Amino acid sequence: MKLRTILTLVGVAIAIALISLWMGQAAYTWFPPQASAESILVDNLFSFLVTLGTFIFLGVVGTLSYSILFQRAGKYDYSDGPHIEGNVKLEIIWTAIPFALVIWIAAYSYQIYDQMSILGPMEHAHHGSMMAEAHADEVSEAKSEEVEQIQVLARQWSWEFHYSNGTGEVSSTELHLPNNRRIKLVLHSEDVLHGLYIPAFRVKQDVIPGRDIDFEFTPIREGKYRLRDSQYSGTYFAAMQTDVVVESTEAYQKWLADASIATPVAAYNRASNEYAKRANANWATVIPAAPPVVNYAN
């Protein structure tokens with residue numbers, strides 16, 4: 001192989017690698033803001049996969065494009081190409097490289113899952129982005145504090161959350177969370193399979209009937225986010241949404257105190273409201289559960 005050809009291939013590989021790295025960094029902007037420690041880990045994994053996938057895609061497309069443009073047979077050339085077989089070196093290369101890539105992806109994915117520890121205490125976390133570095137000390141302190149436990153009740157079609165503020169139970173249809181503190185949700189379904197999904201947190205957990213499931217994560221960014229039912233749980237499942245409010249510990253404690261003295265009321269429920277207004281009274285459907293009676297109805 002001529003030196004010029006080798007240098008050309010090296011230059012092309014470097015260009016593809018730089019483009020792939022740029023795409024991997026751009027992938028961070030494709031998601032909502034990182035609002036949990038777990039979101040940082042998930043985004044790092046996704047960025048890695050985008051970088052690797054872009055490099056492979058551009059390499060394959062580039063090779064095919066070069067072959068089509070510069071290695072075409074003549075217009076009236078109907079002869080067969082050279083009969084080549086038994087290239088052991090080539091067979092080893094095209095087997096070893098995909099095998100190594102699969103092992104690399106699997107090992108890194110397992111490492112991320114292990115660091116997230118969403119079904120148990122988070123023992124360690126490596127934060128690789130600028131936001132992670134900014135919150136590293138706060139998250140470390142949060143992990144050393146007592147876990148905030150909240151009961152989550154899912155039913156067709158509403159979310160209901162129960163807190164204990166030391167003086168009594170508080171219930172709401174809006175999920176309030178203290179910032180930089182480990183959260184443990186105890187998930188329970190009254191009827192069918194539901195899915196608790198908060199895109200800004202990059203966490204999702206199926207809520208299985210007949211089982212209480214512990215689900216942990218750590219919010220790191222104050223703000224209001226959206227919680228959705230990720231499973232098709234029936235006719236009005238798209239209405240099974242609510243807000244997630246991440247606030248300072250002081251604001252969270254004040255909210256609990258205010259909500260604890262509020263008189264429980266029936267919360268607005270979109271599924272029940274739409275069911276009551278349906279045009280055809282004979283339309284067969286599952287009747288939504290009664291609207292939750294809670295201290296705080298968003």
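N180 sits in the loop that joins β4 (175-178) to β5 (183-189), with strands and helices taken as DSSP runs numbered from the N terminus (helices H or I, at least four residues; strands E, at least two). Its phi is near 55°, a positive value for a residue that isn't glycine. N180 also counts as buried, because its relative accessibility is 11%; the cut-offs are under 20% relative accessible area for buried, over 50% for exposed and partly exposed in between, with a 1.4 Å probe and protein chains only.

A word on the source: this is a predicted model, where local features need pLDDT of at least 70, side-chain atom pairs count only at pLDDT 80 or more, and totals for chains, interfaces and linings use all residues. Residues are numbered from 1 along each chain as its sequence is written, and side-chain values use heavy atoms, leaving out hydrogens and water.

- R202 lies in the loop between β6 (194-198) and β7 (203-207), and counts as buried at 12% relative accessibility.
- The peptide bond running from Q156 to W157 is cis, with omega near 0°.
- W157 belongs to the loop between β1 (148-155) and β2 (158-164).

**The five-stranded sheet**

- Five strands make an open sheet with mixed pairing, in the order β3-β2-β1-β5-β8; strands count as paired if DSSP finds at least two bridges between them.
- The edges belong to β3 and β8 (213-217), each with a single partner strand, so one side of each has no neighbour in the sheet.
- On average, neighbouring strands here are turned by 25° against each other, direction ignored.
- β2 and β3 pair antiparallel over four bridges, and H162 stands opposite S171 in β3.
- α5 packs on this sheet, touching β1, β2 and β3, and its direction makes about 95° with that of β3. For such angles, axes are lines fitted to C-alpha atoms (for helices, over the stretch in contact), and values run from 0 to 180 degrees between N-to-C directions.

**Helix α5**

- An α-helix has 3.6 residues a turn, so residues three or four places apart point the same way.

**Pairings around β9**

- β9 (residues 223-229) pairs with β6 in the antiparallel sense over two bridges, and Y197 has R228 in β9 as its bridge partner.
- β9 also pairs antiparallel with β10, over six bridges; there, R228 stands opposite Q241 in β10.

**Whole-protein numbers**

- The secondary structure comes to six helices and 12 strands.
- Of the protein's 298 residues, 38% count as buried.
- Among contacts with a separation of 6 or more, 73% involve residues 24 or more positions apart.

Note on methods
Contact means heavy atoms within 4.5 Å.
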